[in-house]
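Trainee: Could we go through this structure together? I would like to begin with the metal ions.

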Amino acid sequence: HAKKTGRNRLAEYVPEMTLRTQRRIRLERELRRALESGGLEVHYQPQFDCGTEQLVGAEALMRWRHPEQGFISPAEFIPVAEDSGLIVALGEWVLLQACTEAARWMRMAEEAGIPPPSIAVNVSARQLREKGFLDVVLRTLAATGLPAMQLELELTESMLMEDVESAVQFMREARGKGVRLSIDDFGTGYSSLAYLQRFPINQLKIDRSFTCSLPDDGTTIVSAVISLARDFQLAVVAEGVESREQLEWLRRAGCTYAQGYLLGKPMPPEALRQLIEAQRQPVH
Ligand code: C2E
Ligand code: MG
Ligand code: MG
Ligand code: MG
């Protein structure tokens, strides 16, 4: 009897795999076309100082408007792009868009007499493995005129743990050029504290899964990350801040920056520029 169930389960499993594979192959082809024909966009989610609630920067997040299926989440298409290697081209495209936009923010901020907002760009494991990745970053900075200090690359624990030696070398070189580095989704991976000490990073980003349960739950973990960051002299960004209560708790706990729907969703470039304009000091 058990055997029969096993066989039936296998029979259901195989066509399902095939469908999934077919969908992935199709997505990959359409994604490539989207990259070539302007079907992709970059949205920007603002980041704020927890204390002053002033705009300090934004994270670039990729958006794909599929002609038939509508909006497709990066959570779905980034893994497809990783598997096919297309993420390298996509990543270069996002980096160029983001740095071009941030150079524009810099000019706007200068005119408005406010500090220039920084830009955070997500890096995939595959990009980090490419030998010439840092050169791509430096060439993009040179081409757009964005100072390295205003660019922050978001890396994850798991990608750094894939090959610690190469990752540390990349990070040292990038930092040497002035580029800032942060660890995204911090706390969800499994790097040890010993590695944290070896990684020349500037900032930790507390994963949304911890932020979302504040202030009733998760306070022990978030407090621990904040004090860890303080000891290592790192800034901390809380991701996924959705309520006033959470923001207030984070501010009191000593969190540096906040990002989340409460303060601003990812938005098209025009909307973020308006937000920068709104920060302009009133003329008396
Ligand atoms: P991530 O880098 O951790 O980005 C944060 C995600 O949380 C974003 O989802 C953002 O829209 C979402 N988020 C921000 N605040 C809130 C909130 O208050 N509540 C909720 N429920 N969600 C919030 P998104 O844009 O769907 O991106 C998902 C992931 O896809 C990103 O996670 C990142 O890992 C990846 N990704 C996005 N753009 C790129 C890219 O250009 N390159 C690479 N390599 N990965 C990207
Ligand atoms: Mg990120
Ligand atoms: Mg994150
Ligand atoms: Mg995340």
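**The two magnesium ions**

Mentor: The magnesium ion (ligand 3) and the magnesium ion (ligand 2) lie 4.0 Å apart, and Asp 184 coordinates both. The model is predicted: local features need pLDDT of at least 70, side-chain atom pairs count only at pLDDT 80 or more, and totals for chains, interfaces and linings use all residues. Residues are numbered from 1 along each chain as its sequence is written, chains are lettered from A and ligands numbered from 1 in the order in which they are written, and side-chain values use heavy atoms, with hydrogens and water left out.

Trainee: Is Glu 154 buried or exposed?

Mentor: Glu 154 counts as buried, at 1% relative accessibility. Asp 184 is also counted as buried, at 7%. Buried means under 20% relative accessible area, exposed over 50%, and partly exposed in between (1.4 Å probe, protein chains only).

Trainee: Where else is phi positive in a residue other than glycine?

Mentor: Glu 53 is one such residue, with phi near 60°. Glu 53 sits in the loop between S1 and S2. Most residues other than glycine have a negative phi, and most peptide bonds are trans. The peptide bond from Leu 214 to Pro 215 is cis, with omega near -5°.

Trainee: Now ligand 1, please. Which residues come nearest to it?

Mentor: Of the 22 residues around ligand 1, the nearest are Arg 63, Asn 122, Asp 184, Glu 242 and Tyr 261; a residue counts as near if one of its heavy atoms lies within 4 Å. An oxygen atom of ligand 1 is 2.8 Å from a polar backbone atom of Tyr 261. Taken alone, ligand 1 exposes 810 Å², and the protein buries 83% of that; these areas come from the Shrake-Rupley method with a 1.4 Å probe.

Trainee: Last topic: which residues of helix H12 are buried?

Mentor: In H12 (residues 269–278), they are Pro 269, Leu 272, Arg 273 and Ile 276. They cover an arc of only 105° around the axis, which puts them on the same side of H12; the arc is that of the directions from the helix axis to the C-beta atoms. An α-helix has 3.6 residues a turn, so residues three or four places apart point the same way.

Trainee: What do the buried residues of H12 pack against?

Mentor: They pack against strand S1 (40–49), strand S2 (55–66) and helix H3 (87–112), where contact means heavy atoms within 4.5 Å. The face turned away from the buried side of H12 carries the exposed residues Gln 274 and Ala 278.

How values were computed
Helices (H or I, at least four residues) and strands (E, at least two) are DSSP runs, numbered from the N terminus. A polar contact is a pair of N or O atoms within 3.5 Å; within protein, one must be able to donate a hydrogen and the other to accept it, and residues adjacent in sequence count only if both atoms are side-chain atoms. Donors are N, O and S atoms within 2.8 Å of the metal (3.2 Å for Na, K and Ca); water is not among the atoms, so sites may look incomplete.
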